[in-house]
Amino acid sequence: MQNRHHLELTWLEDCIELAESLNFSRAAIARNVTQPAFSRRIQSLEEWLGTPIFERNRRGVSLTRAGEILIRQAPELIRALYTLRSEAIDASGDSKPDVIFSATHSLSFSFFPKFLSHNEKIARYGSFRLLSDTLSACERMIAKGDAQFLLCYYHPHMHIHLEQKKFLSVRLGQEMLIPYTRCEPQTGQPLWSASGGRKFPYLSFSAESGLGRIISNMSSVNRAKRGMDIVFTADLAATLLAMVKAGDGIAWLPATLAEPDVQAGNIVVAAPRESDLWIPIDIRLFRPAAKMSRPVEELWSIFIDEQV
């Protein structure tokens, strides 16, 4: 291939998206560009590199050996370039760069606002942007450099899609995942039980959800729901909470999210604490291990002091 192009950062971001999906149509949609234009940008990157990055055949798309090497290095390179831009803007004094957090849905409204507002040192930075999505989407954001931080629920048994040596984390809080069911209005008793050995309708988190990953890897929960029919699957804890309140089944939910409805008598726990079906989890904040801009590094120092 002849090198007829100057490298564009957009091409590297396109390459990462295609390496994740291995589908030109899906990758083009994710990058908000038409498929022909997306394909041309990938081809331009390959021409600049001087070798193919992707194998294209009837069976689909796969990375070449050169592509695998590029994909390992590209996310860190992109982060470094955006960090350099932020540092340059910060040094000029013209404007203060945004600090971008990606956060899973539940934490974006149940934990994040209170955590920021209750800490004066953090609040003085002021210029924050929050991107709320599933854990899978948030992992992609921080891996590609679209966010400097990732806030999520965490459990040692779950698999988080971030290379351990390339990311750091601190624990900012703790939470409990508890099975809940609707409360019988007349008796105050749980409509369903997760610990009695009887079948119950199970309301499940999707595989894209971090809470779904945690629950699916807990042997005690898997034993309790063995043979159960999954009657509904969702990304959002708020959606499953609404289904629990409607009497549609049992869902494992963060206690903080469920507490208002427990206090109102709408729902109750579906298993006692000693049943081994309550799951303690962490609230963790992740960041790239590579050096970032001065405001981000200063914030990280504050988060280190706030860890529990």
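Predicted model: local features only at pLDDT ≥ 70, side-chain atom pairs only at ≥ 80, totals over all residues.
## Helix α12

Helix α12 spans residues 255-263, and its buried residues are Ala255, Leu257, Ala258 and Asp261. Viewed down the axis of α12, these buried residues fall within an arc of 145°, so they line one face of the helix. The face turned away from the buried side carries Pro260 and Gln263, both of which are exposed.

Several elements pack against the buried residues of α12. Two of them are helices, α5 (105-110) and α11 (237-245). The others are the strands β6 (167-182), β9 (251-254) and β10 (267-269). Just after α12, Gly265 adopts a positive phi of about 80°.

## Leu177 in strand β6

Strand β6, one of the elements against which the buried residues of α12 pack, contains Leu177. Leu177 counts as buried because its relative accessible area is 0%, and the cut-off for a buried residue is under 20%.

Along the chain, Leu177 and Leu253 are 76 residues apart, yet their C-alpha atoms are separated by 5.2 Å.

## Thr181 in strand β6

Thr181 likewise has its place in strand β6. With a relative accessibility of 0%, Thr181 counts as buried. Its side chain reaches the backbone nitrogen of Trp192 at a distance of 3.2 Å.

Trp192 is also among the residues that Thr181 touches when those up to four places away in sequence are not counted. Pro190 and Leu191 belong to this list, as do Val244, Gly249 and Ile250.

## Cysteines

A disulfide is a covalent bond between the sulfur atoms of two cysteines. A search of the whole structure finds 0 disulfides. Cys152 is in no disulfide, and the nearest cysteine sulfur to that of Cys152 belongs to Cys138, 8.0 Å away. The cut-off for a disulfide is a pair of cysteine sulfur atoms within 2.5 Å.

Two cysteines can be described by their accessibility. Cys152 counts as buried, at 1% relative accessibility. Cys183 is also buried, with a relative accessible area of 11%.

Definitions and conventions:
Residues numbered from 1 in each chain as written. Heavy atoms only, no water. Buried < 20%, exposed > 50% of the residue type's maximum accessible area, 1.4 Å probe, protein only. Helix = DSSP H or I, 4+ residues; strand = E, 2+ residues; numbered from the N terminus. Arc of directions from axis to C-beta. Contact = heavy atoms within 4.5 Å. Polar contact = N/O pair within 3.5 Å; in protein donor to acceptor, adjacent residues only side chain to side chain.
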